[in-house]
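This report examines how the parts of a protein model meet, first within one chain and then between two chains. Please look at the sequence and the structure before reading on.

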Amino acid sequence: MKLYDRHKADKAGDALFKSVSYFFALSVILLMSLIFIVLIKESWLSLKTFGFKFFVSSDWDPVNGSFGALPAVWGTVVSSLIAIVIALPVSLGIAVFLTEMAPKPLKGPIGTAIELLASIPSIIYGMWGLFVFAPLLSEYVEPFLVDYLGFIPLFRGVPMGIGMLPAGFILAIMIIPFISSVARDVFLMVPSILKESGYAVGATKWEVISRVVIPYTKSGIIGAVILGLGRALGETMAVTFVIGNSHEISLALLNPATSISATLANEFTEAVEDLYLSSLVELGLILFAITFVVLALAKLLIKRTALEGGRR
Amino acid sequence: MNLHYLTRKAANIMALTASALSAAFGIAFLFWILKDVLVMGLPAINASFFTELPAPPGTEGGGLANAILGTFMITVIATAIGVPAGILAGTYLSEYGRKSRVADTVRFISDILVSAPSIVIGVFVYAILVRPFGGFSAIAGAVALAIIMLPVVTRTAEEMLKLVPNATREAALALGAPHWKVTVHVVYRGAIRGITTGVLLAVARVSGETAPLLFTSFNNAFWNFKLTEPTATLTVTIFNYAMGPYEDWHARAWGAALLITSVVLLVNVFARVILGGRSAQ
């Protein structure tokens, strides 16, 4: 009888433990849905007032209660693209160095150093960008850019060290560790027999990398890039310090701009009117939706490389 | 023919040099940033930095004791909420629903939430915990950080639990132990090192977060021991001080930056080297 009781207690314990862990697993899905629902509810006023105009208007006038997302979305997208353009070649270089070139005793420490770069809080990047990097840029780099590359409209603007280009650069430094560690991991998935076949027919190291490793890992690399893009789009602190907070759209990358996250960080606690607050939440909703799509895409692509790895 | 070999060789050397240079570039920035944080932060670190309340700009002395306590308090509460929830969710993924559709969805959503913009999490918590309850509070900040921790801990816990060999589970089950006892006494014990590493990395990550705290725990110039009041944290203090116009604010911001960076890096190095675990991401 006693044994039977214990059996019953064990059964109850099992059911309880399973349902508790099931509940917490579901809580992740619940949380994601709740975030979307709450953001939509809170931005309802702005959604109703501006409708589609919110996405195409470049007005940002808290005094008259007229808001448009375009400058912030533009800044978010452009600064992230700049970051990717700078970070992609550097990260691929790092991944190549770590997987194909570095002598064994160096691989570990250098890999760890790069990963440590990823763990530094983003506010440190932003602060360092503002106090150390921006003065250097405005003194030496940006006047040079304006003088010699100023014939390209992109390289015009006020050489203050604060603006779209510096923000993109700081973001690039921030996402390099993410992209390079994912790229390293997908490079390691290339079966060595493929590389060895390349070397056996007399290919140089670079030929093996560019014609065997990179084509083989293409979708994984694209996934890594999109993952970095997702990080860059949502980053707040590294951007807020150096982007300059100006709701003007300008092609000249040296001019101050703003991004969704920077707008939120600077204005959210100051927004007292309902419409103002609601418009800011709608910006947050747009950012959340963009990063959701981008990250989902990255995840699918990385998964595909892992699946196709053995087949091609 | 000779030229053909030469160009191939030259391309090879150039490409490999470029790769080595990019690695050097990445590492150079790491050391450059760390050097500046150290050089600018060190002068601000003294006994009063750890023991006194912030002084008004222009006056000597003063510290960030309240912000240090605030960061500690909020991180501890966030860990207390996020870690058990994450470990249990990870347990479901690894022990019960390995191949179920629910588990796949949870994995997918977790991976997205891990990189979701943290400032939006701040906006979300503002809407559910700050406005309805009439003000910024330490607990709202802690909940925001716990939300950021949840997916990280979930995925790490799952990965680490999966590493425990099935034979171990079967051996314990064969002795007649119920599934939950097997999980708690056998599987958890086998994965404890990996899970600890993952938890430490998650704690390090959220303790350096700023964006989700801006509209949740906000800031406070004084001591605060109540969970329902606005609370100063090191990161939000850095943000306010660095954006401010005063030189001595900047100096203290660098001091705070040095403190938080060293703690985060030390925890990371500790987690990686001492516990010998692989990175959580």
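## Contact between two domains of chain A

Across the interface of domain 1 of chain A and domain 2 of chain A there are 0 salt bridges, a salt bridge being a side-chain nitrogen of Lys or Arg within 4 Å of a carboxyl oxygen of Asp or Glu. The model is a predicted one, in which local features need pLDDT of at least 70 and side-chain atom pairs count only at pLDDT 80 or more, while totals for chains, interfaces and linings use all residues. Residues are numbered from 1 along each chain as its sequence is written, chains are lettered from A and ligands numbered from 1 in the order in which they are written, and side-chain values use heavy atoms, with hydrogens and water left out.

Domain 1 of chain A covers 2-42 and domain 2 covers 69-311, with bounds that come from an automatic or database domain assignment. Their C-alpha centres are 37 Å apart. Domain 1 of chain A contributes 6 residues to the contact and domain 2 of chain A contributes 7 residues, where contact means heavy atoms within 4.5 Å. The two domains of chain A bury about 620 Å² between them, and 89% of this comes from carbon and sulfur atoms. Buried area is the accessible area (1.4 Å probe) that two parts lose on being put together, summed over both. On the side of domain 1 of chain A, Phe36(A), Leu39(A) and Glu42(A) lose the most area, together 70% of what that side buries.

## The interface of chain A and chain B

The size of an interface is often given as the accessible area lost when the parts come together. For chain A and chain B this buried area is about 7,400 Å², with 81% of it on carbon and sulfur atoms. The contact involves 83 residues from chain A and 85 residues from chain B. Phe17(A), Val28(A) and Trp128(A) supply 9% of the area that chain A buries against chain B, more than any other three residues.

Between chain A and chain B there are 4 salt bridges. In one of them, Arg272(B) pairs with Glu115(A), the closest N and O atoms being 2.6 Å apart. Helix H1 (residues 2-42) of chain A gives the most to the side of chain A that touches chain B, with 21 residues; helices here are DSSP runs (H or I, at least four residues), numbered from the N terminus.

## Salt bridges within and between chains

Side chains of opposite charge can pair when their charged atoms come close. Over all chains the count is 18 salt bridges. Glu115(A) also meets Arg184(A) in a salt bridge (2.9 Å, N to O). Glu115(A) belongs to helix H5 (residues 104-119) and Arg184(A) to helix H7 (residues 164-187) of chain A, so the pair ties together parts that are 69 residues apart in sequence. Glu115(A) is buried at 12% relative accessibility, where buried means under 20% relative accessible area, exposed over 50% and partly exposed in between (1.4 Å probe, protein chains only). Arg184(A) is buried as well, at 14%.

A further salt bridge joins Arg8(B) and Glu207(A), with the closest N and O atoms 2.7 Å apart. This pair crosses between chains, from helix H1 (residues 2-41) of chain B to helix H9 (residues 205-216) of chain A. Glu207(A) is buried, at 11% relative accessibility.

Conventions: Helix = DSSP H or I, 4+ residues; strand = E, 2+ residues; numbered from the N terminus.
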